[in-house]
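Dear colleague,

I am passing on the structure we spoke about, with the sequence alongside. Please look through it first; my notes follow below.

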Amino acid sequence: MRVNVTVNGVAHSVDHVWALESLLDFLRERVGLRGTKNACEQGECGSCSVYVDGVLVCSCLVAAVQVEGRSVVTVEGLDSGDGMHPVQQAFLDAGAVQCGFCTPGMIVAAHCLLDSNPDPDDLTVREELSGNLCRCTGYQKILDAVHLAAERTGAAP
Amino acid sequence: MDIPLASGPMLRPSSWRGAMLLRSQYPDASPICGGTDLMVDINFGRARPATLLDLTSVEGLDSWELIDDGRTVRIGAGVSFTSIIEELSDSCPALAQAARTVGSPQIRNRGTVAGNLATASPAGDCHPVLLACWAQVEVESVRGSRLIDIDDFFLGPKRCALEPDELIRAVLVPAATGPQQFAKVGPRNAMVIATVSFALNLDVAGRRVGTGIGSAGPTPLRARAAEQMLQDALADRWDGSGGVDQSVCRRFGDLVAEAASPIDDVRGSAEYRRHALAVLGRRCLSWALADLGGMDGEAAA
């Protein structure tokens, strides 16, 4: 079947999509965007976090056919300009990346959090990132990165 | 590996009537909304439906309304847990509490009460609350629509009263008329399948007590003896006056534990589950009574 979807602002029309294919596989294998990571395929780890019509979801738990006519934003689409999004830069500067596998999902989830809450406290960050696992256990640096991004985007005092 | 590849058509009705017709025309299609249960089974090869019947575009399915002069909340099958938390914390406080314990933000953004029901896991987070609130499940097929009392809905582990050609259209939850509580035990605060869970509803207007137990039997369970005991104990104290003895809370917790029929499994032993249920029952009651104004909940917990 054919799926028509906008990914990071670009319209895609993809044929021969498997009826039961996940959005995660669709993004990685059909659209060629491999920033979205495949780790658990059961919604436990958040590595595949993307936006569908502005809502944060695990792309492994969305069927590709369900995004027909919708708009998807992946980690590759967070920055509208040339460089990196402030959240991405903050993860680099804070040393919040170890093996890096959870990082794209963490960044999309952190981006979503800061979008609705520009200056979250630690408890809020922990709650809002509770669906994203870092098996290197680098959580403290990830918290630092979120706060650094909040400061830089000018919301924090 | 001999897994037949699904090749059916894309089924994406935009109206409820369309969904009904497609449901009857394609009995081998799996209904999908949030996908948080079904997609896991598909990703792990445990489910291979011919195709999917995607309900996310059905108009109106993701909204709720007050009916019955405001006494009942009719929650559309597509309403996400996030919406329940944000919009129904006042009218359905225990349901909102349970919704807060579901998965993670990503899961709550997609998952629905109706999906929770259709999966019919004994551990489903909403189920104890729906039992405690005497909810009804509104289901429909091309043959017509019917309401299923929540006590008749769960038939066994992952088995429910939904007929093969039916879809859940909405869940009817009586609006709270008094304190409600939900509590859940698990190894962490997020992404946890309940080891046990418990819900309590003090229906002040109806002068009755509702309970629900999760993850401690083949289906979610009601603690009938505990309900009756507490109703008797509250008899003339529903206005919160007079106070209720500490021993009532302990007795209540014990009766909740006795109503369970738990098993040993990877999430916990039967013995632990019984113990935890006694604690959850006692705590939920002491919190609810504190809300009612009858006793000091902090001291009791």
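To begin with one local feature, α1(A) is followed by Gly32(A), whose phi is positive, near 80°; helices here are DSSP runs of H or I with at least four residues, strands are runs of E with at least two, and both are numbered from the N terminus. Please bear in mind that this is a predicted model, in which local features need pLDDT of at least 70 and side-chain atom pairs count only at pLDDT 80 or more, while totals for chains, interfaces and linings use all residues. Residues are numbered from 1 along each chain as its sequence is written, and chains are lettered from A and ligands numbered from 1 in the order in which they are written.

Helix α1 of chain A, residues 23–30, has as its buried residues Leu23(A), Leu24(A), Asp25(A), Phe26(A) and Leu27(A), where buried means that 20 or more other C-beta atoms, placed from the backbone, lie within 10 Å of the residue's own.

Turning to helix packing in chain A, helix α2 (residues 86–93) and α3(A) pack at an angle of about 125°, with their axes 9 Å apart; the axes are lines fitted to C-alpha atoms over the stretch in contact, and angles run from 0 to 180 degrees between N-to-C directions. α2(A) and α3(A) are therefore oblique to each other, since angles under 35 degrees count as roughly parallel, over 145 as roughly antiparallel, 65 to 115 as roughly perpendicular and the rest as oblique. On the α2(A) side the contact is made by Val87(A), Gln88(A) and Phe91(A), and on the α3(A) side by Thr103(A), Ile107(A), Ala110(A), His111(A) and Leu114(A), a contact between two residues being C-beta atoms, placed from the backbone, within 7 Å. These residues divide into five nonpolar, three polar and no charged, with Ala, Val, Leu, Ile, Met, Phe, Trp, Tyr, Cys and Pro counted as nonpolar, Asp, Glu, Lys and Arg as charged, and the others, Gly among them, as polar.

The axes of helix α3 (residues 103–116) and helix α5 (residues 139–152), both of chain A, come within 11 Å and cross at roughly 45°, which makes α3(A) oblique to α5(A). Here Met106(A), Ala110(A) and Leu114(A) of α3(A) meet Ile142(A), Val146(A), Ala149(A) and Ala150(A) of α5(A), and by class this contact has seven nonpolar, no polar and no charged residues.

As for domains, whose bounds come from an automatic or database domain assignment, chain A is given domain 1 (3–74) and domain 2 (86–152), with C-alpha centres that lie 22 Å apart. Twelve residues of domain 1 of chain A are in contact with ten residues of domain 2 of chain A.

In chain B the assignment gives domain 1 (64–174) and domain 2 (180–300), and 23 residues of domain 1 of chain B are in contact with 24 residues of domain 2 of chain B. To the domain 1 side of that contact α7(B) gives the most, with six residues.

Between the chains, 28 residues of chain B are in contact with 25 residues of chain A. The elements giving two or more residues to the chain B side are α2 (38–43), β2 (51–54) and α5 (105–110) of chain B, and α5(B) gives the most, with five residues.

With best wishes

Terms used
A residue is buried if 20 or more other C-beta atoms lie within 10 Å of its own, exposed if 12 or fewer, and partly exposed in between; C-beta atoms are placed from the backbone.
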